[in-house]
Amino acid sequence: MASHSDTLVVFFGATAGANGGKLGSDEREIILLVWQIVDLHEKKVGKIQQRLIKPDTLELTDQCKEETGLTVEELGKADHLDTVLQQFQQAVSAEVKALGRSSYTLCVDGPLLIRQALHPEASKKNLVLPECFYQFVDLKREFHRCCPNAGPVKDLSLPSMLEYLCLPAVNEQLAGVREVKSMMMIIQHILAEPYNHKFSSLEPVKYKFESGACSKTEAVDSETVIRARGLPWQSSDQDIARFFKGLNIAKGGVALCLNAQGRRNGEALVRFINSEHRDMALERHKHHMGSRYIEVYKATGEEFLKIAGGTSNEVAQFLSKENQVIIRMRGLPFTATQQDVLGFLGPDSPVTDGTEGLLFVKFPDGRPTGDAFVLFACEQYAQNALKKHKQILGKRYIELFRSTAAEVQQVLNRYMSTPLISTLPPPPMVPVPVLAAPPFITTASTRDCVRLRGLPYTAGIEDILEFMGEHTIDIKPHGVHMVLNQQGRPSGDAFIQMKSADRAFMVSQKCHKKMMKDRYVEVFQCSTEEMSFVLMGGTLNRSGLSPPPCKLPCLSPPTYAAFPSPAAMLSAEALYQPPLLATPRTPQPPTHSPAPALTYYSPQPQLYMNMNMNYTAYYPSPPVSPSTVGYFAAPPGSMAAAVAQPPPPVLPQPGALVRMQGLPYNAGVKDILSFFQGFQYSPEDYSSVMGVNDQTRALIQSKEWLCL
């Protein structure tokens with residue numbers, strides 16, 4: 001559009017719900033538009049025009065009725081929004097032409113009418129807005145530039161600006177007309193002496209979302225990022241950008257979040273160009289995308305980079321082609337080549353730059369994962385490709401989905417960071433379990449524990465202690481136990497051992513449904529037996545206790561020695577050493593701590609949080625605080641011996657338990673022992689080979705610390 005210096009169209013609107021500073025926050029429809037033209041050169045003013053709009057839902061809030069004076073009967077006789085917008089464009093164009101001018105720009109009292117009301121409603125109703133609604137003049141910002149001493153922009157209002165200029169308040173009863181006349185008085189006053197203000201700053205509204213890549217090293221302001229939750233699983237970045245229509249999202253600023261299986265989990269992180277747009281996005285909390293309401297919360301730049309940031313040059317080169325539509329292919333045969341994929345897509349959906357527009361996802365050792373990303377030059381080509389969803393390539397059906405640059409980064413980061421050999425948790429330096437009290441594995445039915453359900457997945461032990469508040473003093477030492485899911489991630493559950501059943505009952509009454517971060521947490525009283533079952537892999541359900549997998553008849557659970565009560569507590573440094581891979585290494589002598597202080601959890605909680613495998617299901621650990629847990633059983637009395645004697649220069653090697661995962665189904669004992677050739681073991685120390693969930697595993701007693 002041409003320069004806006006010729007003509008301003010002073011523009012005002014109201015909705016059927018909240019107005020003023022909350023305009024558009026409740027998704028109510030626009031019911032009133034008022035405008036007036038002013039010639040900036042000749043200082044001529046046109047006639048005020050007012051149009052009522054009939055909403056799809058004929059219902060007005062009490063606040064709206066009081067502020068506008070409108071009734072449902074009046075609105076029932078009006079035209080719909082699309083018709084009124086056509087009337088607006090025709091009337092303004094004719095009047096501007098009569099003035100001998102060639103262009104005009106909207107001038108509004110703050111951005112809410114354009115960004116939070118008009119664009120979102122037009123997007124939901126599939127209306128194409130005229131070009132004039134994609135840039136506007138914000139009178140409050142212009143007034144602040146002209147009169148910086150009047151106060152910050154967010155505190156300005158029409159009455160305060162009139163008062164600062166020593167202008168009288170407008171005495172007008174008609175809603176909208178009063179506001180337009182007030183804006184016109186302010187404009188005419190700052191155009192004249194002594195201000196001589198020039199309207200030169202335009203506020204743009206982006207036509208569409210721009211995709212792009214984000215680097216891990218890029219600085220992202222936390223005041224510009226939000227988290228959207230509850231999205232339909234098939235939502236693309238364009239769908240999310242449409243939900244936030246009217247607000248300017250940064251280039252490549254939509255990052256869809258994936259779950260542990262690499263599938264979308266209904267959440268996305270969105271980065272805006274500045275904090276003002278982020279704050280307006282937060283006002284769309286629980287607005288609807290189709291029939292679903294979307295929750296919008298604050299997020300951080302670190303969270304955005306964790307999802308959207310990438311370091312791969314291959315990915316950066318792949319995403320360097322701008323304005324491309326990205327499609328994700330899943331379930332490809334491992335033998336599929338680039339030509340196979342191009343042939344599958346066919347001539348009606350040509351890939352951008354041929355094979356250059358294909359990116360196969362691979363493991364670090366080069367093995368294919370069955371995923372690939374494809375670039376298309378336009379929406380039509382992408383739509384043709386999506387029609388091949390679940391068609392057969394080779395002997396497999398292929399899934400096709402819309403994707404984003406952030407999802408490409410996230411998937412590549414996930415697979416490229418996967419270790420070739422899964423690792424066990426770091427083994428303790430002393431071969432004894434760490435317990436701070438009498439044995440935890442017990443069948444006692446005393447209800448001296450509480451179960452926390454619905455914890456935020458980011459919650460740590462520190463958050464739980466803060467949540468407990470004054471009841472923290474009633475927790476047994478090392479009595480906070482996090483529960484992991486099958487992927488080794490926090491499940492949202494935790495158990496806490498209290499000093500007595502009365503204390504547990506009090507906590508369950510005081511803390512039930514108390515908020516932690518943005519979620520409420522359920523707190524139930526339970527017994528030590530129930531806690532032990534869950535921490536060893538069992539489940540609690542309405543029908544009672546379900547035993548852990550290690551107690552099922554088809555499994556051969558590892559044998560645990562009795563857990564003696566320790567005479568003293570060793571430091572965390574004396575319990576852990578760096579993780580070992582497939583090469584045996586001589587253990588280092590422990591650091592002896594004669595009188596360490598007892599705490600509720602280890603001073604290094606990351607020792608627990610960094611574990612990338614779950615041992616709750618098939619290799620249960622004693623149910624003690626996870627950050628101080630000893631994962632391996634030990635001979636009785638070894639704790640007392642370790643405490644009574646000074647630490648030797650090199651610890652004896654009493655044996656360690658190792659789990660093998662992914663064995664061939666026809667593997668026998670000789671094959672397993674041959675695999676460990678060169679390591680010290682006794683042939684009688686292997687456990688039976690067992691089938692678990694279509695995987696083959698084995699447990700071996702080794703005389704050296706070895707992690708697979």
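In which loop is the place of Asn19? Asn19 sits in the loop between β1 (7-15) and β2 (30-39); helices here are DSSP runs of H or I with at least four residues, strands are runs of E with at least two, and both are numbered from the N terminus. Before we go on, please note that this is a predicted model, in which local features need pLDDT of at least 70 and side-chain atom pairs count only at pLDDT 80 or more, while totals for chains, interfaces and linings use all residues. Residues are numbered from 1 along each chain as its sequence is written, and side-chain values use heavy atoms, with hydrogens and water left out.

Back to Asn19. Its relative accessibility is 12%, so Asn19 counts as buried (buried means under 20% relative accessible area, exposed over 50%, partly exposed in between, with a 1.4 Å probe and protein chains only). The side chain of Asn19 reaches the backbone nitrogen of Thr15 at 2.8 Å and the backbone oxygen of Gly17 at 3.2 Å. Setting aside residues up to four places away in sequence, Asn19 touches Ala14, Gln63 and Glu67, where contact means heavy atoms within 4.5 Å.

Now let us turn to helix α5. In α5 (residues 139-146), the buried residues are Leu139, Lys140, Glu142, Phe143 and Cys146. They cover an arc of only 165° around the axis, which is why they are on the same side of α5; the arc is that of the directions from the helix axis to the C-beta atoms. These buried residues pack against β4 (105-108), β5 (135-138), α6 (158-164) and α7 (177-191). At the N-terminal end, Asp138 caps α5, with a side-chain oxygen 3.1 Å from the backbone nitrogen of Lys140.

One last stop is Ser235, in the loop between β8 (225-229) and α8 (237-243). With 5% relative accessibility, Ser235 counts as buried. Not counting residues up to four places away in sequence, Ser235 touches Leu256, Arg264 and Met289.

Methods
A polar contact is a pair of N or O atoms within 3.5 Å; within protein, one must be able to donate a hydrogen and the other to accept it, and residues adjacent in sequence count only if both atoms are side-chain atoms.
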